[in-house]
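Okay everyone, thanks for coming.

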Amino acid sequence: MISQYKLLVVMIVAALSGCQGDENTTLESGNDNIYVPIVKGEVTLPSLHVGTTARGTYEYFDPNVQPRKEATSLYVWRDQYLAEVSKEREIKLDYEHLGNSLSFCVTPIAQGDKNTVGQETCSKEVEVNEPLADKPTAVDVVIDGNAIITVGDTLKGTYSYLHVDDLAQGATELRWKADGAEITGKSSALIELTATETEGKDIAFCVTPITAVTGNNPAIKGDEVCSDITAKVLPLVGVAPVVKDVSIDGSPFVHAGLMGIYQYSDADGDLESNSQYIWKRDTNVIPYQTEKTYKVTSDDLNTTISFCVMPKAATGLPNSGSETCFSMDKVIEEIVENPPTAENVIISVDGGIATVGKELQGTFTYTQDQNAVRGIADIQWKRGDTIIKECEDNESDCLTYVVTDTDLTNENIIFSVTPKTLYETSGVLTPSSAILASGLKLSGKLEYNAEITATGFGDFQDLSAIEWRINTSTQDGPLGDTDPGSRTSILEANGASSYRIGVVGDSKNDLDWNHSELVDARNFIGKNLDVCVNDYCINASDSQVTGGMYVTGSIDNKRTIEPVRVIEYKKYSYHRPLTAFEVQNKTLGDLPTYKHIITLNGIEWAAYDHEDLSNKDVLNVCRKLDKGQWHLPATWFTSNKGYTINKFDADGNNPPIDGNNSLSTLGAIMHDDRDELSNTYGWPVSKLSPYGSASMLDSNKNFRVLSFNEILKEKAKSYVIENKVPRIVSCINNQ
């Protein structure tokens, strides 16, 4: 199960081994009530059965010197899909729970006002089984009636109800099935066979016996029992379907559209199904014309067109009627008319500027000097010499075009029309005036201390009014960035076509950082970047910039500014830890599901258990990250004092074994004993976010962790922690 760790929680850490053979170190214990309450031992469940009330069992424990009593702890029942089922201590189990696996979770809460909320602990999943009581049975389930059955017959189902303890019968369920599928709405012992539901199908009568509810005894549902199936239901023999009032709607001219019309009827009430349509030229069938509509061609000139229907019924016998035809009273002629013209061909756009995402509207006026009826015009949209859309003006959205990033080329967009009469006499292709797509394209990386460049198009080619907007007033990531209106201009970047994200300035690392500065990496990480010219803005996540990170709470799941993704230091590369959202959505690889969440700077970071060799989640974060080029770092580099340097060597983990070029050496440039994130890199450096390691102390089979909160000999401090402490993960590339 997944647990939450907040900054206010002081983690219980014991038996810490020093780095590289230094003396063992113990974290300070602090004042009273520095520990949160815990669940002692396991949370357990009894066997689960429908009809019973289940209660989770746990032992509350407060590890402080003066233990506090339990307040109102939080409970939740979850199914195997982690969906919440109940938030009560007890749960009444019924048939909707049958077959599901449930777990019971408790978050211990102590009395008082400091460190009162503990970690959620859950039981193992337990499957909900059938009721403990004996189930009723249905016997002698049969259908009364003739062996040969026909549409219109009424069938009766009968059965006997039995229970070993003579429990009374309750709301027993009855149903009828045709070819094994339940017939909707048929829940009594009688059924009248209809053509649409049963013709040509075998019939079964089924019973699910149910006991009556008595006192505290729930209704107990037995197994469904069905009768033997009947022979196939025979169709009702009546009269054939017929058609009448056959006609053709349309004019006898080349290019005219014709539609066949008729009325279907069946004296037995059988519904129509797949009647056959035939079009004829004089007395000859026109090949492949089997729809109700037909468009006259030049091949039909001087011939008579006929429309014929052979009616078909879905049920009953006979199910096919006689062919009935209608012939037009005039032969097909060819119309001679002057070509039409398209006037006032115009592109318009709301607001007058064709920015990305806006809809362009094309309009024109059809004219023809003989008042010929307007037909279907050919429409063409072009960007420069490229045709971007071709269609006919009767098609949906043909007269509109939505501007996309692809149109940001400073090439003209033109809307053109070829008008036609009803009988397809064509006019000339007539273009509109031109319009330019307007917008911004961004390139670069959405990453702290990385540069992004803007290029303007159309009305925004002049970038003198550009603004780069970030909400730098808070240090809680997406939590302080829910209102786009709160994003303010980075004044020093206004009017510049490029912007380097952040305020690193002359500081090369955390050692150089002046903590009196009011703004640092914490004000940027997890925030959105908007780039604006006048009233037009684009979010960097919606552009072609690379990088950025997904965080829980970001509006519309936008990519936000990420910490420096890869730190290049000395000989190797180091990848930043991942957020819970990135792991969940697998944006950086098929990564193992996090087991804990550590919330720092308003950002939920993915954390994992790593107590023994059997759990390889921490390893697999690195091996599955970005196509497997990363490795889990070592934090011990000599074979003495009972350590295994790389416990995952057999699993393909191949970090550098070099204490002078390792993750721990980043402590020389990135560390902090007061802030949650690095001031210059944006990486987690809190005491609550130790980093995982491939190095193990053989005597107790515990893996080391690395802390950037404390520094030893200009390196991040390395420990062996015997308590269960979640790890975040950084990976190393040894190439």
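Predicted model: local features only at pLDDT ≥ 70, side-chain atom pairs only at ≥ 80, totals over all residues.

If you number the bonded cysteines in sequence order, the pairing goes 1-2, 3-4, 5-6, 7-8, 9-10, 11-12.

I'll walk through three of them. Start with C206 and C226, where the S to S distance is 2.0 Å. This pair links distant parts of the chain, 20 residues apart: C206 sits in strand 17, residues 203–208, and C226 in strand 18, residues 225–226. The torsion about the S-S bond is about 110 degrees, so we call this disulfide right-handed. Now, buried or partly exposed? For C206, the relative accessible area is 0%, so that one is buried. C226 comes out at 34%, so it's partly exposed.

Next up, C391 and C398. Their sulfur atoms are 2.0 Å apart, and with 90 degrees about the S-S bond, this link is right-handed. C391 has 10% relative accessibility, so it counts as buried, and C398, at 1%, counts as buried too.

Last stop: C532 is joined to C537, S to S 2.0 Å. Here we have 110 degrees about the S-S bond, again a right-handed link. C532 is buried at 0% relative accessible area, while C537, at 37%, is partly exposed.

Okay, that's my tour. Over to you.

Definitions and conventions: Residues numbered from 1 in each chain as written. Heavy atoms only, no water. Disulfide = S-S within 2.5 Å. Helix = DSSP H or I, 4+ residues; strand = E, 2+ residues; numbered from the N terminus. Buried < 20%, exposed > 50% of the residue type's maximum accessible area, 1.4 Å probe, protein only.
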